Every structure is written in structure tokens, then in C-alpha cells.
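User: Can you walk me through a structure, please? I'm new to this.

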Amino acid sequence: MNSLACPAGRATRLRSLRILRLIPRSRCVAPGGSTLSLRRSFHESGKRLAEQTAKLEGQAIAESGFWQEYKDTFNAPYPTFSWSLRKSAIDKTPSTQVTATGYLTSVTALSDSLVFGRVLGPMQLPNDTTLQIICRDPELCAQLKRIRLNSPVSVTGTLGIKHVKNKNKDGASPSPDRPRLDEVELITTSIYCLNTVADPHLSPEHMYSPSSRHLQMRFDTDLRQRLQFRASIAAFIRSQLSDRFTEVETPILFKSTPEGAREFLVPTRKGGYAYALPQSPQQYKQILMASGIKNYFQFARCFRDEDLRADRQPEFTQVDMEMSFATGRMVMNAVERLIKKIHRFCDQKCLNSVSVGSIPLDDAFFQMPYHHAMSKHGSDKPDLRISGLIHDIGPVVPAQLRDMLTSNSDPMIEAFKFRLNAPPKEVQKFIRKFMDSPEAEPFRSNADGAPGICVFDSTHPIEGLQIFGFEGAENVKAIWENQSKLPYEDGTTFESHKKFEDGDLLIIQARENLPLSGGSTALGRLRIAIYKAAIAEKLIEPDPSLRYLWVVDFPMFTPDNDSDPGQGGTAGFSATHHPFTAPHSAEDVDLLLTDPLKAKADHYDLVVNGVELGGGSRRIHNAEMQRFIMRDILKMSPERMNDFSHLFSALESGCPPHAGFALGFDRFIAVLTGRESVKDVIAFPKSSKGEDMMVKSPSKITDVELARYHLALADDVSRDASPNVVLDAAAREALLECAIIEESAAIDENNVDEPNADDAIVHEVVAEDTTTVETLVEKQPTAKEHFEGDTAVDILFSKH
């Protein structure tokens, strides 16, 4: 509208309506004195047009399918059908009505007045139990045929026994007194579609990606059963512990303390301050012991910023326990009893058809010292199903062979032997294929030398052990013949493996002659990898049994390495598990003054089939001893020790001796259900990159959030700037205001709406420039250098 047509056009928007009311309806005087007709009708007609449009749109929405369907859900009857049929669901009176809810999985139309359908019950039921429904009313039949499959429905009708001439699959006739779900049918009287699926191609036959985790859970029967199994085990554990233990929830927002793993930080609006997500409730549960609580437990959520593996997630659940006035042995006994009760519960309940390996309930778990586990199994998580133990063969290895295996001047040379179900030539083909695979790359490029390989063959010179020479081969065979049976070894298998037979695979590996430390040796990792590969090739029979054991007598301290952050001390070593672990005995207490690296800890790990299910220890309950460990042994700085002032205060209050344990609940469920990855027993797991593909987390931090929490991206900070520069309050507020303005401008630019009639009359459009934000370019990782050259495999094991 031309601003000269009416004086009201020059007024502001807030005064325009008021001025228009004061002007006579008939005429309006222009500045030149001439009279013009008042054009109020434009404004009023615009409002009427907008109202009419809105009304029409509202009517169209009210008549749309989704609107009516959503309204109908409020009229759907309350579900009364018992899917388990534990109650007398079929009444003698045929007019009894029941309402069943579930997912419509199939529709079969025999005619316009006879349609069959199947409704899938809740996820708690095994084997995807479905209920057959029957429609005989033409209108209901048409309605049922219009519903898309896999949509949730509410079906009301009368239950009845199916009219079948033949017996059931198991040979039994249907029983009207105690019928099974597949023996009944629902004669439908009404159907409500509760939410039509948007994708008509939704189907259980499709393979859905992790970004559609909800569909994976809906259509993957095994996954649903594992999740229900997990819930049942959690409920059982609570029922068993609640009598003797007090369940206490500890805070999730904690503080950063050097316990041994990297933490996730949660920034706050208070500049320079952040929470830390707990690696475990370790310090809180020790404080609970000082508070007078006898025994504590909880299903604790824990967070660790670690490199992810198949059995590791950045956030995980553990059954956390602590007992006051207790020793480590007392805690181990309590955990062992709980594990056996869980297995007995699984055997009795047969939970959702999940098959759980049986264990001897009367035998105590074997206790294996850490040094034995590392020397004989090459791992602090031994798999007792693997029969081929590691032996020291250094004394019988010829000097020429030793030089071919490694460049170390004084190496430790060890070997293990596997018996495979194949003749020598097939074993040679298998091991060559494995060593050429990418999985064997770390073993081929081992800094201590690649492994040596022999396949025993009685038809070859020196029976395939020619690399040892005649005398050396006899000495190697004597090592296996003279070994003693260990308590956890099977007698029959032990006797048969003492001798060499055709097809036996001998793996040799050199390492530095240093005390064993860490979690595994190169030969131990190779032993496990070959064992799994042999099972995959059906050269070793898989063993479904569960072999539990305790690994004990860990070293109290471990030399520093590049993979573990430690506790930040300057001693050159760190606590093997955490700095709160108590020494194993009084003799180990004295060793702290003379040779700390020889001191053993009262720590214990529960292991099954090569998987560490959890660990625990007796704690240091004396404040001065705890200070001594941190200050004089680990050489922690006063600033870092001050992070534990709250714990020192609790211990000084007369904290009793106490010990505890944490069971990795995700791993435990994965083991019980026979899964290699914990992702298969978690509803919403993270990917190998730590991302939730379903909800797309983590999300990118916005400029507003960076300013609000006083943060700056490292790539945006000049490397020349002083790291000690701190913005004052005014600068921070200015930075926050700028960030908000820039983000608001960007949002406005992406959400531009058409102006309405009032805005067209009164307002002028003002164009504003918006600031574009450059995207950050991630640096691509450099390619790793590949190992080249001959290996001991090529030298010792000819390819021809």
C-alpha cells in the first residue's frame, strides 16, 4: 500500500489501528487537500482471508487420516488379554470379550467376509509368539486388509479353541482347560490401528543398520531375547544381594582423580571447572564403608575414555560390591556363590530359550597366580579350554636357530603345541594362510622377531623338527614328555598331548628376558588367535563349557608404558590396578620399603574362557598408609594428592578394613549368551568410534556452547598464544554475546517466514548480513609404515 494514500500509513505499527479508528469512515484527507476513499477494507479483508484459510486448513487436518487415527487411540479399549494364558483366559461364557494389543504381522483374505490375521505379542515372550485373529464382518475384513503390516493394533473379540482335526505338532490334542497360545483364536468384533507404519516395506526379512536400532530390536528375535535375559538376570542379582547388601546410588557427576584410566570431562558454566564422569564408584564406596554401611552394592554406570574393542564400551554397567570388616577371600567367596546361583537359576528357568553353558556347582573356582597365567598362557585372562600350554625351550634351542629367531642377545624363547584335526599338509596350508592374513601382521612385525613354525611329520627328516637339529629335536620332545599335570588340566587330554603326533603344530617365539608384566605376551596373543582361527576352520572342536577361575597375586606396581595413563607420579611405575589396592601380606608391606616392584597386591580377577568378567581387591583403609603409597612410592605431586583429600578424611574417621568387587555386567551377559561382543547385549551400544548411530551422538559443539562453558577448540587457538591467558568476566560475556548473535542470525537466515498482511502494511524489511562459520577440517591420519622383508616364518618354513 502506498504510504501517501492514508496518514495512518506513516504511523508505527503499534499506533496504526488506533489512528484508523479515529478517522471517519467516509473520507480521508490527503496532504494536498483532496479527499480519498479510506482503504481500510484491504487490512480487514486480509485478516478475514487469513482466518478463512486457517479454518479450511484446520478442517483439512481434522479430516486427514493421521488425525482421525490418533483420536481413535483414545477410544481403544484397555488391553485385557493375557499372552501367557496363565489365567483362565477362555471363559465358559462365549460372550466374554478380551482386548489384545501387539503388531499385525500377517493378513490372509479368503473372501470379503473371512480374513485371518496374526498379532505378535510383547517382546518378553519367547519364539515370537503370535495370536490368530479372525474377521467375519465385511466391514471389519476391509478395515483389517487396509492396515499395513507391522503396525501396532488393538483387537477386541471373543477367545475360542481352534477347530482342528489333527493333533498338534507334539502329538497332543488341544486342551480346553489349559490351552496354549497357538491353540486359541480371537473372533474379532473391533480393530484399532494405533499407528500406521510410514514405510510399507518394513519387514523382518530386511537387515537394518545400527542407525535403525529400534528396528533391529523389533525384528531380531535373538536380540530381544538377550535383552530380556539381561533384565531377568539383573532382577535375580538384586533379589540375591538385597538380603545382605544395601543398594546405594552414587553420583554420576564426580571429579577428576588419577585412578589409572582416562576420564570424560563435563564442563560447567563456572570458568575453568569441570565434573568428571566416574571410572567406577571406587572412592564413593570406600567412603560408604567409613560411613558405617556394612555391605553395599549397586548396578553402577561407569565411563572410561579408552580405545574401544569388541568387549569394551565408553559407558558400561557393573555390579559394584563392597564389604566392610572383610578380607579379599571373603569377597571372592561371596562372588563365587552368586555366580553359581545365577547358573542354577538359568538351568531351572531356561530363560527365553537362551542356552547357558553349565558349570560344576560343587567345585570351587581354581585360583591361578598371575605369574603362572602369564608364563603358561601368555595372558592374565587365561582360557582354560585351550590345552596347549607355553613352555620355556630356551636351553635346548641351538645358537644358530636363536639368532634366526631374534636379534636379542639374551632372549627368552618359548613355545606351545596345538593338536589339530588334520594331516600335516593341511596344517601347513592352514598356518600359512593364517600368517599371510592381516590378523597376523602384528606377529610378523614383532620387534623381538617373527614366530618360528614347525609341523610335526613323521615322514620328513627329523620328523619336521629339523630346525632344531637331531639332538635339539629330541630335547624338545623331552620337554613335553616330562611335564607335570596341572590341577585344571583334563587327564586324558594331558596324557595324549605329552607326545608328538603327525599334524601337531609347534609355534616358537622369542622375547626379552625381563620379568613378566602387563596383560599379555606376544606369544600369548598369537596362541589365542591361532586357536580361534583353528576353530573357524574346524581343525579344533569348539568347547561350549564355561571355565571360571580366579587370577590372584598380581604385582602391586607395574612399570610405566605408553598405553596406560597411570596415576601421574614420577616413580617410573604406577599401581597395577588403582592406588587404593592393599598389599597381599605383611611381607609385601615390608617390601614397599625395599623393593616395591616385588610387592604383590591383594587383588583378584574373575576370568572365564579368556574374558575378564570383573576384578576386586582389599583396600587400604589407613589414611597414613594411603598417603605413603601415593607420596613416597608413586611420587605423586602434592597437587594431585590433594584431589584425594576427601578420601583421606573418610579413612581418618576410623574406616574399618574392607574389600570389594565389580562384575562387568555387560561382559557377563555376553558370555552367558555366547556372544563375542558386548554390543549384542546392550540396547543402544556405541560403535567402534564411540558414536551412537541411532541418535547421532556425540554432536558438534556450537559456538554458543563453547562460550557458555568458557571453552575454545584447540584448532582455533593460535599456537603462539600464551596458554596462561585468562579472559576476564567482561571479555567472557562479550564473547558469549557475540556467539549468541551470530548463531541467532544463522538460525534466522535458515528460517525465513513470509510476512503476513499486517507486516506488509506497517513494517519495512531490513536485510541483515550473517556471518558464515568455516567448517573445521579434520586431519587425516598418516598411513602406517608396513613391515617389509623376510620373517622367521619365511626362513624356517619353506614355501616350496
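Analyst: Let's start with residue classes: Ala, Val, Leu, Ile, Met, Phe, Trp, Tyr, Cys and Pro count as nonpolar, Asp, Glu, Lys and Arg as charged, and the others, Gly among them, as polar. This is a predicted model, where local features need pLDDT of at least 70 and side-chain atom pairs pLDDT 80 or more, while totals for chains, interfaces and linings use all residues. Residues are numbered from 1 along each chain as its sequence is written, and side-chain values use heavy atoms, without hydrogens and water.

User: By class, how many residues in the lining of the second largest cavity are nonpolar?

Analyst: A cavity is a set of points on a 1 Å grid over the protein atoms alone where a 1.4 Å probe fits but cannot get out, and lining residues have an atom within 4 Å of a point. This one is lined by Met556, Phe557, Ala575, His578, Pro579, Thr581 and Ile629. No charged residues and two polar ones are in that lining, and the nonpolar count is five.

User: How are H6 and H8 oriented to each other?

Analyst: Helices are DSSP runs (H or I, at least four residues), numbered from the N terminus. H6 and H8 (residues 328-349) pack at about 130°, with angles running from 0 to 180 degrees between N-to-C directions of axes fitted to C-alpha atoms over the stretch in contact. Under 35 degrees is roughly parallel, over 145 roughly antiparallel, 65 to 115 roughly perpendicular and the rest oblique. So H6 and H8 are oblique.

User: How far apart are the axes of H6 and H20?

Analyst: H6 covers residues 221-241 and H20 covers residues 665-672. They pack at an angle of about 120°, and their axes are apart by 11 Å.

Notes. Helices (H or I, at least four residues) and strands (E, at least two) are DSSP runs, numbered from the N terminus. On a 1 Å grid over the protein atoms alone, a cavity is a set of points where a 1.4 Å probe fits but cannot get out, and a pocket is an open set with protein on both sides within 12 Å along at least five of seven lines; lining residues have an atom within 4 Å of a point.
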